[in-house]
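Welcome! Take a moment to look at the structure below, and then we will walk through a few of its parts together.

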Amino acid sequence: MAVSSTGRSARATVFAPRIDELLRKYRGADLFRLEDDTVGVAGVDLMDSLLRSRPANTEERPTFKPVQGRPVTRPDAAALMQAVSADVRAALKKPLGDDVDLTGRWPHVAHVYLRDLVFGRESFRFRVLVDRRLELTPKLTWMAVAAGTAMLGKPGSEIPLSNLAARVLNAETYDDRRYAMYLYRRVAAPVCFTVSALVTNALWLSPDLDESVPNRDILLEALRLLPPSWNILRMASPEYPVVDDRIGVRDDVLMFPLLSHRDPRLWEDPDAFRPERWTGLDPDEQPGYLPFGHANERCWGRHMVMPLAERLLDIVRRDGLVVNPEQTVGKVELDGLLEVAGVRMVRR
Ligand code: HEM
C-alpha cells in the first residue's frame, strides 16, 4: 500500500495499491485505458459530455436495478424513497440524547448508531437487513431476505414500525413480500453505510473540529477528498464513441470523481483539507465536483445524507471526541464505497 498525505493533518491516508496508482498516474488526465474493454475518464468536460449523452440504464442504478429479474417501476422507486425519507425525518426530530456513546471504531460505531436511530424499533428480521456483515456476499443477503420473508405471518399481523417495514408487511403474496424486503435492504442499508463512511472520512481528515468551521463545509471537503462514491460506471453504448472517438463501441466507461476532485487545474492546493474553501460556494456549481453524481441524475438520497451526517458531527463535537492521537495511519481498501477503515474515536 502507498501513503498519501491528508493535508494539514499529521495523519496519513494509505490507499489500496489500485487506487493509489490511479491517483499517481491519471490525476489531471482526461481519458486513459484501464483494460482492453474499459476506459477511465477524469476530465471534467469529457465526464460532463458523457453523462449528458444518455441516462443511466436500469443495470447501472444500484439501488433500483431489477430484483431477481423483476424490474423496479418508477412509482415503486419513488414510493420507497418517500418511505425512507419519512423515516429519516422522524429520526432527525429526536433529541440528540445524553446516553449516546460514539467512542470506538468507526465507521462501525456510526453505522450502528444510525441503524438504531432510524430503524431502531424494527424487529430483528428487518434490522438484520442493514447489517454490515451482509456486504460480504450477496448470497447472505438473499438468505436473510428469504428467511425474513418466510418468518413473516399474515400481512397485518405485526405493527409496522418504519414506513419501509410497513410496505413489506402490507404485501399480499410471498413473492411481493420478498421483493419488498429486498428493496427494504437496498434503500435502508445505504442510509447507514454511506453516511457512516462519509462522517468517518470527515473525522479522519479534520485535524480538529474548530467551532468556527461549519459542519457543511467539513462534509463538502470530505466528499471532495474522500468521496464514498468514488467512481461512476457506464456500460458500453453507441453514444460514447460519438462523444469521443478514443472510446470504442465495446468500451465500458469508468468515470472518476476521485480524480476530478483532486485535479490541480480545478482546485488550489488539491490534496489539502481546507473546509474554508467552501465558504460562500455552491457545491452544485463547481465543475468536476460530483460526489452525488451528475446534475442530470443526482443522488436521490442526498437530502437525507447531509442532515444525518451533521447530526453525527454535532454529537462528536458536543462530546469532545477526537481520533485517537496514537493513530497516524488510516487505510482505504479497494471497495465500492471509499472509506477509511477502523478509525478509533476517543474522548479528548
Ligand atoms: C454519502 C452518501 C451518498 C453518496 C456519496 C451517494 C452518491 C451517489 C451518486 C454518485 C449517484 C449517481 C450514480 C450514477 O450516476 O451512476 C447516486 C445515485 C443514487 N443514490 Fe446516492 N449516494 C449517497 C447516499 C444515498 C442514500 C442514503 C440513498 C437512499 C436511501 C441513495 C440513493 C440513490 C439513488 C436511488 C440513486 C439513483 C440511482 C440508483 O437507482 O441507484 N444514495 N448516489
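Ala180 is in contact with Arg167, Val168 and Ala171, once its neighbours within four places in sequence are left aside. Please keep in mind that this is a predicted model. Ala180 itself belongs to helix α8, which covers residues 174–205. Is Ala180 buried or exposed? Ala180 counts as buried because 22 C-beta neighbours lie inside 10 Å, and the cut-off for that label is 20 or more.

Three strands make up an open sheet in the order β5-β11-β8, with antiparallel pairing. At its edges are β5 (104–106) and β8 (321–323), each of which pairs on one side only. Neighbouring strands of this sheet are turned against each other by 40° on average, with direction ignored. Strand β11 (residues 343–347) runs antiparallel to β5, and three bridges join the two. Within that pairing, Trp106 has Val343 of β11 as its bridge partner.

| Helix | Strands touched | Angle between directions |
|---|---|---|
| α4 | β5 and β11 | about 85° with β5 |
| α8 | β5, β8 and β11 | about 70° with β11 |

Helix α4 deserves a visit of its own. What span should the 12 residues of α4 (residues 108–119) have? At 1.5 Å a residue they should span 16 Å, and the end C-alpha atoms of α4 are 16 Å apart, so the two values agree. This helix is mostly covered, as nine of its 12 residues are buried. Those buried residues are Val109, Ala110, His111, Tyr113, Leu114, Arg115, Leu117, Val118 and Phe119. As a handy reminder while you turn the view, an α-helix has 3.6 residues a turn, so residues three or four places apart point the same way.

Finally, let us turn to a hairpin. Strands β3 and β4 form it, with two residues between them. β3 takes in residues 31–35 and β4 residues 38–41, and the two pair in the antiparallel sense over four bridges. In this pairing, Leu31 stands opposite Val41 in β4. If you are wondering what holds such strands side by side, strands of a sheet pair through backbone hydrogen bonds, either parallel or antiparallel.

Terms used
Residues are numbered from 1 along each chain as its sequence is written. This is a predicted model: local features need pLDDT of at least 70, side-chain atom pairs count only at pLDDT 80 or more; totals for chains, interfaces and linings use all residues. Two strands pair if DSSP finds at least two bridges between them. Two residues are in contact if their C-beta atoms, placed from the backbone, lie within 7 Å. The expected span of a helix is 1.5 Å times one less than its number of residues. Axes are lines fitted to C-alpha atoms, for helices over the stretch in contact, and angles run from 0 to 180 degrees between N-to-C directions.
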